[in-house]
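Student: Hi! I'd like to get to know this protein with you.
Tutor: Great, let's look at it together.

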Amino acid sequence: MLIIYAVTLLFSWICCELSVMLFELIYYIKISFLVDKIEYKDDLLFLRTKDFEHVIAEVFRRNGYKVRLSNHFGEGGTGIILNELYYVLAKKERYHHLLEIEYVKKLKHHMDNNSIYRGMVITLGDFKINTRNYCHINVITCINGDQLLQMCKDVKGLGFDTIFAKSQN
């Protein structure tokens, strides 16, 4: 009787793991299709925050970066790590919103705590002048909404094989 219980438990655990892997694969296929369909900044603005971050990660993956998502970033949100060298924070804001320097200072603090010396901040809006200056001094790249849209257009159609490269990591 104990053996039947153990086999049933093992079978249930395997089924659960396979279903999680299947849902993750379906999600990455969805993200890949979203990247290929982006034409306007509105397409990015109306994404959920999680999808927005994953779309940015997919854009970098298609550009040849090794991408890893982290749950311990900045204001307690997620972030993207590129080639174990860059910390990337994506802030989904309105087009006319200018990103404040405080947001970038939190990224810089996190970078210092983890001995990472390059960063990137991505927003759909733009950056205040003092924020851009602070980023320039601290080796943090600023990518606004227009640049992000162009990055998405540049990698359009390159995504099918990157889905399967993700599952190998």
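Student: Leaving aside neighbours within four places in sequence, which residues is I122 in contact with?
Tutor: The partners of I122 are I56, F60, V88, L89, A90, K91, I143 and L148. Contact here means heavy atoms within 4.5 Å. Keep in mind that this is a predicted model, where local features need pLDDT of at least 70, side-chain atom pairs count only at pLDDT 80 or more, and totals for chains, interfaces and linings use all residues. Residues are numbered from 1 along each chain as its sequence is written, and side-chain values use heavy atoms, with hydrogens and water left out.

Student: Okay, and which residues of the largest nonpolar core touch the most other members?
Tutor: I122 is one of them, along with L44, F52, I56, F60 and L148, in a core of 26 residues. A nonpolar core is a set of buried Ala, Val, Leu, Ile, Met, Phe, Trp, Tyr and Cys residues joined through side-chain atoms within 4.5 Å. Buried means under 20% relative accessible area, exposed means over 50%, and partly exposed is in between (1.4 Å probe, protein chains only).

Student: Let's zoom out. How many helices and strands does the chain have?
Tutor: The protein chain has 7 helices and 7 strands, and their order from the N terminus is α-α-α-β-β-β-β-α-β-β-α-β-α-α. Of its 169 residues, 40% are buried.

Student: You mentioned helix 1 and helix 3. How do their axes cross?
Tutor: The axes come within 9 Å and cross at roughly 75 degrees. Axes are lines fitted to C-alpha atoms, for helices over the stretch in contact, and angles run from 0 to 180 degrees between N-to-C directions. Helix 1 and helix 3 are therefore roughly perpendicular to each other. For angles, under 35 degrees counts as roughly parallel, over 145 as roughly antiparallel, 65 to 115 as roughly perpendicular and the rest as oblique.

Student: Which residues meet there?
Tutor: From helix 1 you have Y27, Y28, K30, I31, S32, L34, V35 and D36, and they meet K50, D51, H54, V55, E58, V59 and R62 from helix 3. By class, that is 7 nonpolar, 2 polar and 6 charged residues. Ala, Val, Leu, Ile, Met, Phe, Trp, Tyr, Cys and Pro count as nonpolar, Asp, Glu, Lys and Arg as charged, and the others, Gly among them, as polar.

Student: New topic: T123. Is T123 buried or exposed?
Tutor: T123 counts as buried, at 0% relative accessibility. T123 lies in strand 5 and touches K91, E93, I143, N144 and G145, not counting residues up to four places away in sequence.

Student: E93 is on that list. Where is E93 found?
Tutor: E93 sits in the loop between strand 3 and strand 4 (98–99). E93 is buried too, with a relative accessible area of 15%. Leaving aside neighbours within four places in sequence, L45, T123, L124 and G125 are in contact with E93.

Student: And what about T131, where is it?
Tutor: T131 is in helix 5 and is buried, with a relative accessible area of 0%. With neighbours within four places in sequence set aside, T131 is in contact with L99, E100, I101 and V104.

Key
Helix = DSSP H or I, 4+ residues; strand = E, 2+ residues; numbered from the N terminus.
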